[in-house]
Amino acid sequence: MWLNELYQASSPIAFSLGPIVIRWYGLAYLAGFTLAGLCLWRTQRRWGLDLTSDDVLNIVIGVAFGVIIGARVAYVLFYGAGYYLTHPLEIFLLNQGGMSFHGGLVGAIVGGSLVCRSSKISIPTVADLAVIGAPIGLFFGRCANFVNGELWGKPTDLPWGVMFADTGGGNVYRHPSQLYEALLEGVVLFIVLFALSRRRPPRPQGTFLGTFLALYGCFRFLIEFVRVPDAQLGYLFAGFVTMGQILSLPLVVIGVILLIVSIKRNRPQVGHLE
């Protein structure tokens, strides 16, 4: 089982310089934001928009802060199960993990929107641009989850099963659900959005955000069937429904609505507002 051998040979720590420890998870965030920003810049140039390098940098910074704050707050609210009520100071200990994609998505929209409003840039267009590169960050993030040995899957006898540490279930091979998500939410979603972005003329405002939300919601909902739910929550009802599935269903609905609205309105992509 080569994936198991890869996991056993890996370490959450990329390198250390004396007391400074650099983890793969932190580097995944850095690589994700950097490459997503580059993707945003190149796509807006291909679309013939008028965004400057400063505009793109400010947007990336706003989105980054929004993602980190939103992801942490949502994890505390939806996945904390009351733990942080008695340990409030641990909310700020980001190095201990605990981030929610759904909260990060809301935070990204809020952070990016604030920058766009202050610079008089079209929010719908930037949202479309941002989600084209977002799967890159998701890919690196899920790979880092795999290296960390967290968010593992259910037991399996498939040849690519992995024996994760600290599962509490003994020497059991499990689905590498982190890599399933890296493939679907990262690679597949990026290919779809990138290919769509190269069509001319550019697709109407809302097309890319709608596609991203609908596909991510579907992928996440399906993968949750082979992923072990958070221990503090377990299955919420019916013996198989998880918090991740409950939070993903609205994304599918919103995504489909956005696609329908974008087709009806057919508004072109624009950069700065007059």
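Residues are numbered from 1 along each chain as its sequence is written, and side-chain values use heavy atoms, with hydrogens and water left out. Because the model is predicted, local features need pLDDT of at least 70 and side-chain atom pairs count only at pLDDT 80 or more, while totals for chains, interfaces and linings use all residues.

Helices here are DSSP runs of H or I with at least four residues, numbered from the N terminus. Several residues of α2 are buried, among them Ala 28, Gly 32, Leu 40 and Arg 46; buried means under 20% relative accessible area, exposed over 50% and partly exposed in between, with a 1.4 Å probe and protein chains only. The cover over the buried residues of α2 includes α3 (53-79), α6 (123-148) and α7 (177-197). Just after α2, Gly 48 takes a positive phi of about 75°.

Next come the charged pairs. A salt bridge is a side-chain nitrogen of Lys or Arg within 4 Å of a carboxyl oxygen of Asp or Glu, and the structure holds five of them. In one, Glu 181 meets Arg 142 at 3.2 Å, N to O. That pair ties together distant parts of the chain, with Glu 181 in helix α7 and Arg 142 in helix α6, 39 residues apart. Both Glu 181 and Arg 142 are buried. Glu 224 pairs with Arg 220 at 2.7 Å, N to O, and also with Arg 227 at 3.6 Å, N to O. Glu 224 has a relative accessible area of 5%, so it is buried; Arg 227, at 6%, is buried too. Arg 142, Glu 181, Glu 185, Arg 220, Glu 224 and Arg 227 are linked in a network of salt bridges.

Arg 200 and Pro 201 are joined by a cis peptide bond, with omega about -5°, and Pro 201 lies in the loop between α7 and α8 (207-223). Lys 120 is not a glycine, yet has a positive phi of about 55°. Lys 120 sits in the loop between α5 (101-119) and α6 and counts as exposed because its relative accessibility is 58%. Asn 266, also not a glycine, has a positive phi of about 55°. Asn 266 falls in the segment after α9 (243-265), and its 52% relative accessibility makes it exposed.

Note on methods:
Helices (H or I, at least four residues) and strands (E, at least two) are DSSP runs, numbered from the N terminus. Contact means heavy atoms within 4.5 Å.
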